[in-house]
Amino acid sequence: MAQQAPHAATPTDAPATPPSVIVPKRWRRLAAVVAPLWADNNEGSILSTLAPVIIAAISLPLAAVGVLTSIAKFISIVFGPFWAFVARKTNRKATFVITTAITGVLTALTGLAQNYAHIILFYGLSAVFIAAALPIVSEITTDLFDEKSRGRASGYTWGAISLLGSIAGPLIGQLANVHDGWRYGFFSWGGLTIVASLVLLFCFTDPGLGASEPTTAMMTVEQRAENERITWAKVRRMFGIPTFTLMLVQRLISGHLLIGSFGILFLVQTYGFSTAVAAVVTLPFGLGYLVGTFGGGIVTDALQRRFPRAGRIAVLQFAQLGFAVASLIATQFDWGTIWVFAGLWSVMGFMQGLNPGVNRPIVASVVPPELRGAAFALMLSVFEGLAYALFNLSAGFLAEAIGLKAVMFWIPGVLMLVNAAFVTLLYRTYPRDVDRLDALLQARTGSVATH
């Protein structure tokens, strides 16, 4: 599709909404960033899938899984915003390539761990560089795709990541039947991550900040530089956006994240499955997630066009409520066969898969383009990372005290019911904040028109 030329406004023109900007080769560019994001995002699947084997191999305590995942997330809280800042000040592509390559090396070194201290060291160091992926890719996605297609783009991104991860999950599980198989898992994943960094290096071209925004595309270099400059006043304004603040809290109470890190260990210890058999649920979970991201992104964009004041919020609330119900059914009853659990895991995957296609576009709809990198770093690296870390750390110790079944009842179950109720607040703030951002961008359009 040819890109439409913006209307050449005159000083007497009333500011009008410019036509959509279609970034050239945007889907190809998105595909290039998916490879390293997938490698970085699924590095922890080796630990979560093979946790029972790793615990036995190097005599780790039961709480080790929670401690390791918590350390990784606490690190991301600090380094997610740090890498977002470095990428903005230097070069997003170069930052992403270098951090991904170093992640691959450190992931491979984790396979050499001989004790608890070694695995904490290597796993923690790799987390420093993994933290770069999420905020950088989230910002690049909003630069590649305009308001009308961001939900679909985010959905496709996380759907592809989930599909690849779901295929890898059962294969990783089979390493439980191989002597020191978990070590080969880390070695292999490290190699794949290095390959992913090379894909990014040779196949991706950065579209530039705000490339999909019509108002940004109309600006001169000087005007764009002025708007891209981050000041404390702008950051304070970001925290003054009610919808964004509520989204931070919503991520902080997202207990569904626990299923990914403790799900396999839960099935092994609570219902007696072997590690290889329990790992079967990763495939249906990933396929469910795929349907949720692909289909959810398309449906969310359609609902948003039909109900621009509430479409995305309704999908977000449905996702939290649906996950809570599915989680309680999946974890609180012994269904006897792994295939029933697999079916229920697919439902949880679907509900979780709805989130990327809706929460990122919600933030992009209320936060100015120059602040979105910082906003995604805060939401995904800091607040989601903090929630993930605290839930995993507490789950590891609570499991020893009250059992994993009780932990699964309260965190992925009851807390997610609370989350669904909390989302109701967004119905009031979201339309107002969208209008405020539209007014800001229109004002910028008017400023451009007078120059």
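Student: What percentage of the residues in the protein is buried?
Tutor: This is a predicted model. The protein has 451 residues. Buried here means under 20% relative accessible area. By that cut-off, the buried share is 58%.

Student: How many helices and how many strands does the protein have?
Tutor: The secondary structure includes no strands: their count is zero. The helices number 22.

Student: How do H16 and H18 run, roughly parallel or roughly antiparallel to each other?
Tutor: H16 covers residues 282-306 and H18 covers residues 338-353. Their axes lie 6 Å apart, at an angle of about 30°. Angles under 35 degrees count as roughly parallel. H16 and H18 are therefore roughly parallel.

Student: Which residues of H18 meet H16?
Tutor: From H16 come Pro284, Phe285, Gly288, Tyr289, Val291, Gly292 and Thr293. By class, the H16-H18 contact has eight nonpolar, seven polar and no charged residues. The H18 side consists of Ala342, Trp345, Ser346, Met348, Gly349, Phe350, Gln352 and Gly353.

Student: How do H13 and H19 run, roughly parallel or roughly antiparallel?
Tutor: H13 spans residues 242-252, and H19 spans residues 356-366. Their axes come within 9 Å and cross at roughly 155°. Angles over 145 degrees count as roughly antiparallel. H13 and H19 are therefore roughly antiparallel.

Student: What is the handedness of the H13 and H19 crossing, left-handed or right-handed?
Tutor: The H16 and H18 crossing is right-handed. For H13 and H19, the crossing is left-handed.

Student: Which residues of H19 make the contact with H13?
Tutor: H13 contributes Thr243, Phe244, Met247 and Arg251. The contact of H13 with H19 has five nonpolar, two polar and one charged residues. H19 contributes Asn359, Ile362, Val363 and Val366.

How values were computed. Residues numbered from 1 in each chain as written. Predicted model: local features only at pLDDT ≥ 70, side-chain atom pairs only at ≥ 80, totals over all residues. Heavy atoms only, no water. Helix = DSSP H or I, 4+ residues; strand = E, 2+ residues; numbered from the N terminus. Buried < 20%, exposed > 50% of the residue type's maximum accessible area, 1.4 Å probe, protein only. Axes fitted to C-alpha atoms, helices over the stretch in contact; angles between N-to-C directions. Parallel < 35°, antiparallel > 145°, perpendicular 65-115°, else oblique. Left-handed = near helix turned anticlockwise from the far one by under 90°. Contact = heavy atoms within 4.5 Å. Nonpolar A, V, L, I, M, F, W, Y, C, P; charged D, E, K, R; others polar.
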